[in-house]
Amino acid sequence: MRNTDQITENSLAAAKFQPMNRAEIEQLRDACLAAGPTFCADCDGRCAKAAGTDAALGDLTRLLTYHDHHGYRGEARRLYSELDPGQKTWRGADLEAAREACPNRLDFARLLPRVDRDLA
């Protein structure tokens, strides 16, 4: 069997598996946040509410992620073009309040100008 070594290796790894402890999970989360994320998987719109805007801040940053990290540039631009004008109008919003409300602390002041530049 050609996969014998791989099967043995995988079986040993499964037998030795140890889940991450709470401190390791928090350390990993802190490292991810320090990298400057562009997408909030926990988005429920609280950022826009805190910012006092109808702009879809979570959708805008999600589309930027499609564009920058997944390589779906055309699709990101198409989806952006389908948003209502009010969903794109973030200027005047309290972006620091949005950042504080965001579970992943997205830096909207840094990200949203890139949305306008790259997706519009």
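This passage describes helix α8 in a predicted model, together with its packing partners and the surroundings of L95.

Helix α8 comprises residues 108-119, and its length was examined first. Within α8, the residues F108, L111, L112, R114, V115, D118 and L119 are buried; they are placed on the same side of the helix, because the arc they cover around the axis of α8 is only 160°. The packing partners of these buried residues are α3 (46-51), α4 (57-68), α5 and α7 (95-101).

On the α5 side the contact is formed by A76, R77 and Y80, which meet V115, D116, D118 and L119 of α8. In composition, the residues of this contact divide into four nonpolar and three charged, with no polar residue.

In helix α7, attention falls on L95. With a relative accessible area of 13%, L95 is counted as buried, because the cut-off for that class is under 20%. When residues up to four places away in sequence are not counted, L95 touches W90, F108, A109 and L112. For L95 and L112, which are 17 residues apart along the chain, the C-alpha atoms are separated by 9.4 Å.

Definitions and conventions
Residues are numbered from 1 along each chain as its sequence is written. This is a predicted model: local features need pLDDT of at least 70, side-chain atom pairs count only at pLDDT 80 or more; totals for chains, interfaces and linings use all residues. Side-chain values use heavy atoms; hydrogens and water are left out. Axes are lines fitted to C-alpha atoms, for helices over the stretch in contact, and angles run from 0 to 180 degrees between N-to-C directions. Helices (H or I, at least four residues) and strands (E, at least two) are DSSP runs, numbered from the N terminus. Contact means heavy atoms within 4.5 Å. Ala, Val, Leu, Ile, Met, Phe, Trp, Tyr, Cys and Pro count as nonpolar, Asp, Glu, Lys and Arg as charged, and the others, Gly among them, as polar. Buried means under 20% relative accessible area, exposed over 50%, partly exposed in between (1.4 Å probe, protein chains only). The arc is that of the directions from the helix axis to the C-beta atoms.
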